[in-house]
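I opened a new notebook page for this structure. I will start with the fold and then turn to the pocket.

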Amino acid sequence: MKTRLANELPSIENVRLFRSKIIRWFNKNKRDYPWRETQDPFKVLIAEMMLRRTKADQVRAVYDRLFAEYPDVETMAKAGNEELEEILYPLGLKWRNPAFRLVAREVKEKYQCKIPEAREELTTLPGVGEYVAGAVLSIAYGKREWIVDSSIVRLFRRYFGVRTSKEGRRDKHVVEIAKMYVSGKDPRKANLAILDFAALICLPRDPRCTQCPVSATCRYYALGRKGKE
Ligand code: SF4
């Protein structure tokens with residue numbers, strides 16, 4: 001990779017090359033979860049809200065029962081506190097007042113039970129931030145909408161050598177790269193791929209560089225894993 005000036009954004013060609021390798025890796029290594037078998041925006045929204053605060057295996061444990069009882073916005077909007085808490089009990093105490101019942105009520109009142117298709121609308125819903133909005137738009141609606149979480153920030157810092165501000169997930173350089181990354185075909189797959197890659201290969205403490213399909217062009221690896229992360 002060509003040496004770049006501090007915080008110069010990578011070229012679109014570099015990002016596309018990175019993306020095609022990540023997707024090729026994903027085709028062989030993707031993780032299977034029940035919420036990846038649906039493109040129902042309601043289920044994707046609720047699953048992503050749970051995943052922001054809880055580990056995937058814990059969410060898997062309640063997923064089927066939650067959607068058997070509350071399969072859509074209408075039923076979730078009417079959910080009783082005790083019934084919902086009972087289903088969510090395995091997730092721990094922090095789930096005593098799940099925001100998704102409030103979300104369902106708001107979607108019912110403001111959007112006639114249809115999950116909005118615009119980031120600006122989604123992010124006004126209770127408990128829905130930029131990440132969840134981007135996940136719903138790309139995974140459920142197949143839109144070219146970016147996602148950034150802390151693992152993606154880490155990956156971009158290492159691979160592209162981008163320096164981020166304290167804003168981390170909201171850093172404008174990181175968001176710009178995430179937009180370039182998702183700008184090609186199949187944004188759903190692209191976003192799922194980068195999440196799995198960051199979670200399984202570019203690990204926080206000990207990245208698996210020897211198994212990494214992009215190590216030949218990774219700035220952090222080229223610097224002997226001594227560069228600033
Ligand atoms: Fe991450 Fe290592 Fe791959 Fe670079 S080479 S992207 S640091 S796993």
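**Fold and pocket**

I read the order of elements from the N terminus on: α-α-α-α-α-α-α-α-α-α-α-α. I counted 12 helices and 0 strands in the protein. I note here that the model is predicted.

Next I looked up the overall dimensions. The C-alpha atoms fill a box of roughly 55 × 30 × 30 Å along the principal axes. I then checked the radius of gyration, which is 19 Å for the protein. A compact globule of 229 residues would have a value near 17 Å, so the two agree.

I turned to burial and surface. Of the 229 residues, 49% are buried, with under 20% relative accessible area as the cut-off. The protein exposes about 12,000 Å². Carbon and sulfur atoms supply 48% of that area.

I also looked at contacts with a separation of 6 or more. Residues 24 or more positions apart account for 62% of them.

Then I went to the largest pocket. How much space lies in it? I found about 520 Å³. Its lining has 17 residues. Nearest the pocket centre lie R31, L51, T54, A56 and D149. Two elements, α2 (41-53) and α11 (187-200), each give two or more residues to this lining. Which element gives the most? I noted α2, with 4 residues.

Last, I sorted the lining of the largest pocket by residue type. I got 8 nonpolar, 2 polar and 7 charged residues.

Conventions
Residues are numbered from 1 along each chain as its sequence is written. This is a predicted model: local features need pLDDT of at least 70, side-chain atom pairs count only at pLDDT 80 or more; totals for chains, interfaces and linings use all residues. Side-chain values use heavy atoms; hydrogens and water are left out. On a 1 Å grid over the protein atoms alone, a cavity is a set of points where a 1.4 Å probe fits but cannot get out, and a pocket is an open set with protein on both sides within 12 Å along at least five of seven lines; lining residues have an atom within 4 Å of a point. Grid points are joined across faces, edges and corners, and a volume is the space filled by probe spheres set on the points. Ala, Val, Leu, Ile, Met, Phe, Trp, Tyr, Cys and Pro count as nonpolar, Asp, Glu, Lys and Arg as charged, and the others, Gly among them, as polar. The radius of gyration is taken over C-alpha atoms; the globule rule is 2.2 Å times the number of residues to the power 0.38. Buried means under 20% relative accessible area, exposed over 50%, partly exposed in between (1.4 Å probe, protein chains only). Contact means heavy atoms within 4.5 Å. Accessible areas come from the Shrake-Rupley method with a 1.4 Å probe; for residues, only the protein chains shown count as cover.
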